Amino acid sequence: MKTFHNPHHAAHAGQQEMFRGRMVPCHEVPARLDFVLAELQRRPLGALHTPEVGDAALDAAIGRVHSARYVDFLRGAWAEWVAMDPANAQRDALPSVWPLPNRHGFRNDVLPFNFAARLGLFSFDSGSPLTAGTWTAARGGAACALAAAQDVVAGARSAFALSRPPGHHAGPDFLGGYCFLNNAAIAAQALRDAGHAKVAVLDVDYHHGNGTQTIFYERADVFTVSIHGDPSTEYPFFLGHADERGADAGEGFNLNLPLPRGTGFDTWRATLATALQAVSDAGATALVVPMGLDTFEGDPISGFTLKSADYFAVGEALAGAGLPTVFTFEGGYAVDAVGTNAVNLLEGFQQAAA
Ligand code: SP5
Ligand code: ZN
C-alpha cells in the first residue's frame, strides 16, 4: 500500500480551540501526522510519496464536493482576517456568530461583507481554528486524497491518504470539527468519476462523519456508513442518529450506527460486521475508509475503549470486504499512540488482503 502524505500539513497548526467558554490548546496538532509517518518508516507498508496532481485537476476534484463560494471563502480567508485588523495576524481566526439554519429565519443566501460574519456562515463550531497556512495545508490534504484515489483506479488494492487537517466533518459549504476540505468525499467522488458505479464510505472515526453524510445524503451512488459515539451525548451532536437513512434518490443509502460512550471492542467489532454487510449489500465496487483512531481507550476527547492490538483486527475485517480501498486520516488525539494504532490497522488490512 502506497502512502500519499501531505508535505504542507504543518502549515496548519491551530493554537487554541474554544471549549465550554474557555480557550484550550488545540488537540489537532501537526505531531499527529509526524507520528504516523515515523511509524510507517519503522514498519513500511509500501512506498511513501507526496502527491503529484495538477492544479487544475485538484481544483476540479475539490469543486466536485464543495461549493464555489465556500472554496473562494477558504482560499481568501486568512488575508481577509488580517485585513480586518492587522493585529489578527498574531491569532487564529475563530467564529463567534452564526446564522442558525432551518426554522430560525436567518438568511444564508446573502454573503455578509463582514469577514467574521462570513466565518460564522461557513462553519458550525468554534473549535476549528483557521490559520495562515490552513488553505495550503487543506489543499495539500485534498491532493493526497485525489492521488490515493487515482492509485486505486490504476489498480492498487489500497492506498493511504495521510493528511491533516482531517476532513470528515467538512460539508459542501462548511468547516468544523478541525476539518476544512472533506478528503474522504473527494476520494469517493474521484472514484465515481473514474468509473466506479457505486462507492461506499465506511467511517470508523469516533465522531459521526456529518460532512460526508451531508455531501452524499440525496445520492444513491455513494453509500455512506458511520460507526460513532451516539450524538445525543457526543460531538457533533446535531447529526448521526440511526433514523437518518438518506433522502430523495439517496433514501436507504446512508446508515448510522451510533454506540454509547464507553463501548468496548466486542460490541464495536460486531457493529463493524453490520456495517460491512451493508457495504456488501449495497453492491459497492470501491471503498473509502475515513480512518479515525480516536476510538482508542487513551483518546483524550473520546469515549470508546479500543486497545492498540485491536486495530489489526479492524484492518483485517475491512480487508474482508474485498474492495479496492482508500484510507484517509481523520481523528486520533492520543498523539504518542496514533502512529502505532494507524499502522496496526493498515498492516492488519494489508496482511489480510494479500
Ligand atoms: C476529526 C475529528 O475527530 N474531529 C473531532 C472534533 C471534536 N471537537 C470537539 C472537541 C471537544 C474538546 N474537548 C476538550 C476537552 C478539554 N479538556
Ligand atoms: Zn473524531
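This is a predicted model: local features need pLDDT of at least 70, side-chain atom pairs count only at pLDDT 80 or more; totals for chains, interfaces and linings use all residues.
Which atom of ligand 1 does a backbone N or O atom of Gly177 lie 3.0 Å from? The views below start with that contact.

View 1. Gly177 places a backbone N or O atom 3.0 Å from a nitrogen atom of ligand 1, a polar contact (a pair of N or O atoms within 3.5 Å). A nitrogen atom of ligand 1 also has a polar side-chain atom of His169 at 3.3 Å. From the side chain of Tyr333, an N or O atom is 2.5 Å from an oxygen atom of the ligand. Taken alone, ligand 1 exposes 510 Å², and the protein buries 80% of that (Shrake-Rupley method, 1.4 Å probe).

**View 2. The zinc ion (ligand 2) and its donors.** Asp205 (OD), His207 (ND1) and Asp294 (OD) coordinate the zinc ion at 1.9 to 2.0 Å; donors are N, O and S atoms within 2.8 Å of the metal (3.2 Å for Na, K and Ca), and water is not among the atoms. Along the chain, the donors follow the spacing D-x1-H-x86-D. Asp205 and Asp294 are 89 residues apart, linking distant parts of the chain. Asp205 is buried, with a relative accessible area of 1%, and Asp294 is buried at 0% (buried means under 20%, with a 1.4 Å probe and protein chains only).

**View 3. Strands β7 and β8 side by side.** The two strands run parallel, joined by 6 bridges. One bridge pairs Gly229 with Leu259 in β8. Of the 6 residues in β8, 5 are buried.

**Reading notes.** Residues are numbered from 1 along each chain as its sequence is written, while chains are lettered from A and ligands numbered from 1 in written order. Local features need pLDDT of at least 70 and side-chain atom pairs 80 or more, whereas totals for chains, interfaces and linings use all residues; side-chain values use heavy atoms, without hydrogens or water.

How values were computed. Helices (H or I, at least four residues) and strands (E, at least two) are DSSP runs, numbered from the N terminus. Buried means under 20% relative accessible area, exposed over 50%, partly exposed in between (1.4 Å probe, protein chains only). Two strands pair if DSSP finds at least two bridges between them. A polar contact is a pair of N or O atoms within 3.5 Å; within protein, one must be able to donate a hydrogen and the other to accept it, and residues adjacent in sequence count only if both atoms are side-chain atoms.
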